[in-house]
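Hi,

Here is the model we talked about handing over. Have a look at it first, and then read on for what turned up in it.

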Amino acid sequence: MEVCVDSVLSALNAEKGRASRVELCANLFEGGTTPSIGTLCAIKKRGLSLPVFVMIRPRGGDFLYDDLEFETMAEDVRQLKKAGADGFVFGILTKDGDVDKVRCGALLDLIKPLPATFHRAFDVVRDPAPALEDVIELGFRRVLTSGLESSALEGAPTIHKLVLQAGDRITVVPGGGITERNLERVLSLTGATEFHCSARKTMASDMNHVSQDVFMGAALRPPEYAHKVCDVHRVQE
């Protein structure tokens, strides 16, 4: 069980809930972006027993990156690797929706000998079968996917095909909308042996003074006085 976290508290709760690995991100509202070095260091200082895989994604949106963004990704890998990351999670595509083997290969060279997961950029590739072969050839250890659908349950038939195609060459990890209520069904339909979820609950703010007139986000925004945190009991379930 891999739990996606965006804070020190969520990482600690994932450990208490007996997760096997955490994926550290920021900005989960946009599907996850590169976290701060400070967050990783704070987690490591607390002696977390779980491997911490770090997301490398410089912004939300698509997975086609310009030269400046790619330079940022490479530098993030260097610095987060020094800070103690146990692995990395990323994905880069070409304009035509194929795996960008050149740029993915360059980042993998920086990441070695640590393991890497190709993230849900896979869910917007042009053709999943050859894309999976590219990911395997590059040397990724895992691929995270919802089966090119909005949730892993909806994409279960495609995930099952990918699991069969992959064999023992790479681990296909279902992710996207997995909860304690549908987990067994997803695993049964896909034949997967690992899965990815956030297991979050909403935590109200401790603020006494609350302003109802000011928002820090744009038109589409999360609530200002509540935030999501990994829940120990949901991980255990």
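Let's begin with strand β2 (residues 21-24), which is covered on both faces: Arg21 and Glu23 are buried on one side, Val22 and Leu24 on the other. Buried here means under 20% relative accessible area and exposed over 50%, with partly exposed in between (1.4 Å probe, protein chains only). In general, side chains in a regular strand alternate between the two faces of the sheet. Helices (H or I, at least four residues) and strands (E, at least two) are DSSP runs, numbered from the N terminus.

A word on the source: this is a predicted model, in which local features need pLDDT of at least 70 and side-chain atom pairs count only at pLDDT 80 or more, while totals for chains, interfaces and linings use all residues. Residues are numbered from 1 along each chain as its sequence is written, and side-chain values use heavy atoms, leaving out hydrogens and water.

Back to the strands. β2 pairs in the parallel sense with strand β1 (residues 2-5) over four bridges, and two strands count as paired if DSSP finds at least two bridges between them. Glu2 stands opposite Arg21 in β2. Between β1 and β2 the chain passes through helix α1 (residues 8-16), in a right-handed β-α-β crossover. Right-handed means that, with the strands pointing away from the viewer, the path from the first strand over the helix to the second runs clockwise. β2 also pairs in the parallel sense with strand β3 (residues 52-55), over three bridges, and Glu23 has Phe53 of β3 as its bridge partner.

Next, helix α6 (residues 156-166). Its buried residues are Ala156, Ile159, Leu162, Val163 and Ala166. They lie on the same side of α6 because they cover an arc of only 115° around the axis, taken from the directions from the helix axis to the C-beta atoms. Exposed Pro157, Lys161 and Leu164 sit on the face turned away from that side. The buried residues pack against α5, β6 (142-145), β7 (171-174) and α7 (183-190).

Finally, Asp134 is found in helix α5 (residues 128-138) and is buried, with a relative accessible area of 16%. Leaving out residues up to four places away in sequence, Asp134 touches Val99 and Lys101, where contact means heavy atoms within 4.5 Å.

Happy browsing!
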